[in-house]
Amino acid sequence: MGDVLAGNHAVWEFDSDSVLIRFTRGIRTPRTPRLFHALGSRRIPLEAVSEVTVTAGRRDTVVLRAVPRPGADPLMEAAAGQLKEACDPYRLVLPGERAPRAAAFADALRSRLGPDAAEPAGRFLVAAPPPPVHLKAYDARVGFDGSAVTFHWSRTGATSTKWKAGDQRYALSEVTGVEWSSPEGPDGHLRLLVRDGTADPRPDHDLASAVFGVGYGAVHESLPFAAAVLAALRGRTPVASVLRARSGDERTDERSGDERLRHLSELHNAGVLTDAEYAALRDRCAAQPL
């Protein structure tokens, strides 16, 4: 398509198989959510979209929204419906007079959605945003190096349970999931679901949790962090078999070699693959006959 729409906080550029969303000041300049600043830009493959809607907004505006497929975007999976409407990265607000253009774009996008658009995605199709090197929570400093998550407890914020247990490190092989509870809610925290572990339901006592608070674990920092860990977790098993079929009915992967290499590069750039893993899988992909 090659067309561009500029709205509040973002510019959408449509291509034949994706939408590039650049978060920036658009045609109007209300305060831009800090999450958008952190995201910078995101390329959304159309195969990651389930539907496109156009609705009337407030104050003579129109809202164009691409609805992601369940399981397609680690950011939205980690958010689990907790983002406020104004912070929805798939939502573009335009002046009311642009409703015809918005409708035309929506129609064009719908025409490019695949037959399985309504089905959950079998893998993440959108790259996870880059996480902060360290996430500052109320009771800990949390780190993620691509292979393990570490909790360094704060002397002033951590409970005696955590402080006595000492700092914690969880390899991804020990973790089965990530739970993000927005810091804007009453019980904000980041929790790792640990394999064969018994979690304390109280995040301030759970050794695999970090508690948020006023000024700690802000959405624009903690949500990308949670999404990056989630992408690494879900990517680790399929990444090892990225050149094989992923579905239970043994369907073969029909992607070309170039597409496979591009996918590996995206996983590497998103922090899902370590340098060593990326190099090994890249060489394996290059050596495998199509």
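Is Asp 15 buried, exposed or partly exposed, and what is its relative accessible area? Keep that question in mind as you open the structure, which is a predicted model.

Begin by selecting Asp 15, which you will find in the loop between strand S2 (10-14) and strand S3 (18-23). Asp 15 has a relative accessible area of 37%, and because this value lies between the limits of 20% for buried and 50% for exposed, Asp 15 counts as partly exposed.

Next, select Lys 136, which belongs to strand S8 (residues 134-136). With a relative accessible area of 56%, Lys 136 is exposed, because exposed means over 50%. If residues up to four places away in sequence are not counted, Lys 136 touches Tyr 216 and Gly 217. Show His 152 as well: His 152 is 16 residues from Lys 136 along the chain, and their C-alpha atoms are separated by 9.8 Å.

Finish at Trp 153, which lies in strand S10 (residues 148-153). Trp 153 has a relative accessible area of 6% and is therefore buried, since buried means under 20%. To see what surrounds Trp 153, leave aside its neighbours within four places in sequence and display its other contacts, among them Asp 139, Ala 140, Trp 163, Asp 206 and Leu 207. Gly 166 is also in contact with Trp 153, and although these two residues are 13 apart along the chain, their C-alpha atoms are separated by 7.3 Å.

Definitions and conventions: Residues numbered from 1 in each chain as written. Predicted model: local features only at pLDDT ≥ 70, side-chain atom pairs only at ≥ 80, totals over all residues. Heavy atoms only, no water. Helix = DSSP H or I, 4+ residues; strand = E, 2+ residues; numbered from the N terminus. Buried < 20%, exposed > 50% of the residue type's maximum accessible area, 1.4 Å probe, protein only. Contact = heavy atoms within 4.5 Å.
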